[in-house]
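Hi everyone, thanks for coming.

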Amino acid sequence: MNKYLVIGNPIEHSLSPLLHNYWFKKYGILDSIYEKQKVDKKDLKKIIEQVKNGELKGVNVTVPFKREMFDCLDASSSEAQLTKSVNTLLKEGDKVVGYNTDQGGFEISLQKNNWKPESKKILIFGAGGVTPSILSTFIKANGDNKIYLCNRTRDKAEALKELWDKTVNLFGMNKNTIEIVDWGKKIELCDLVINTTSVGLLKDENINFDFTDYDNNEDTLFYDLIYNPKETNFLKDAKLRGNRTMNGKLMFLGQAQLAFKMWTGKSPEINKEVIDLLD
Ligand SMILES: NC(=O)c1ccc[n+]([C@@H]2O[C@H](COP(=O)([O-])OP(=O)(O)OC[C@H]3O[C@@H](n4cnc5c(N)ncnc54)[C@H](OP(=O)(O)O)[C@@H]3O)[C@@H](O)[C@H]2O)c1
């Protein structure tokens with residue numbers, strides 16, 4: 001039996017086993033099983049060893065170990081290096097290689113909404129572990145984007161901007177710009193407003209920001225990376241104002257689709273059935 005795992009702490013909430021086992025069944029990959037395991041930081045090296053010796057065929061890594069896993073590996077994809085974040089492990093030859101499929105998952109979610117990251121104004125809340133994967137989508141797009149980055153702890157946003165500035169120079173994509181704004185400070189109207197913070201995971205939480213300028217604005221897309229709960233206050237309020245909204249489910253499905261393809265060679269379909277499966 002080929003064994004796959006998602007590791008994290010906490011891990012009970014993870015929907016990855018449900019999704020990957022559904023796809024294994026659907027595509028007749030009956031010699032494979034996907035489970036979840038709560039781990040501590042000290043266990044990461046052992047997990048890598050288990051991938052190396054074949055006990056594990058593939059691993060997903062979730063909060064809070066994506067950065068730590070990157071630091072533990074000898075080999076990683078360019079995307080993982082750019083974002084210093086690994087969410088997928090795969091054995092290649094005698095090496096265990098770390099990939100970041102969150103970035104690709106985010107890109108897939110924008111494509112499915114016909115949203116092109118070109119010449120856009122984007123407001124990003126948050127500067128945590130997932131935010132570099134979001135930023136790197138706009139770097140790769142090379143499309144003259146203006147990004148406002150707003151985090152409760154300003155220092156973390158500054159550190160991310162430093163990483164961004166180095167990267168855009170490296171890729172010669174200096175047309176994209178990023179500006180740090182203080183938490184709660186109003187700025188010009190944006191085309192995309194993204195919540196990459198964990199605010200909203202709890203029912204009563206709300207981003208403390210005055211969005212009245214967006215009243216009756218059908219052009220702006222409000223995107224919350226959170227998908228459980230399905231509709232955070234950030235999205236509920238946006239809907240009431242008349243803005244377009246989406247949650248993080250398509251990004252989650254996109255990152256899983258990319259990992260599944262790496263492990264099995266099969267690109268599973270993202271359709272209504274699988275979207276409903278996660279509700
Ligand atoms: N859809 C998907 O596939 C997907 C993938 C990855 C992550 N996510 C979601 O993205 C979210 C962030 O994940 P992460 O890994 O980046 O988490 P993280 O590294 O723990 O970062 C948390 C972020 O939230 C901010 N924050 C937390 N509590 C806050 C509060 N009360 N007020 C203002 N800001 C607050 C933090 O700001 P400070 O720096 O000030 O602490 C930081 O920017 C999670 O909800 C996760 O579920 C979704």
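I'll start with the ground rules and then go through the pairs one by one.

This is a predicted model, where local features need pLDDT of at least 70, side-chain atom pairs count only at pLDDT 80 or more, and totals for chains, interfaces and linings use all residues. Residues are numbered from 1 along each chain as its sequence is written, and side-chain values use heavy atoms, with hydrogens and water left out.

Let's begin with Glu 179 and Lys 146, whose closest N and O atoms are 2.7 Å apart. Helices (H or I, at least four residues) and strands (E, at least two) are DSSP runs, numbered from the N terminus.

Next, Asp 210 pairs with Lys 186, with 3.4 Å between the closest N and O atoms. Asp 210 is in the loop between strand 10 (192-195) and strand 11 (221-224), and Lys 186 in the loop between strand 9 and strand 10, so parts 24 residues apart in sequence are tied together.

Then there is Lys 230 with Asp 279, at 3.9 Å between the closest N and O atoms. The two are 49 residues apart.

Finally, a network of salt bridges links Asp 40, Lys 42 and Asp 43.

Conventions. A salt bridge is a side-chain nitrogen of Lys or Arg within 4 Å of a carboxyl oxygen of Asp or Glu.
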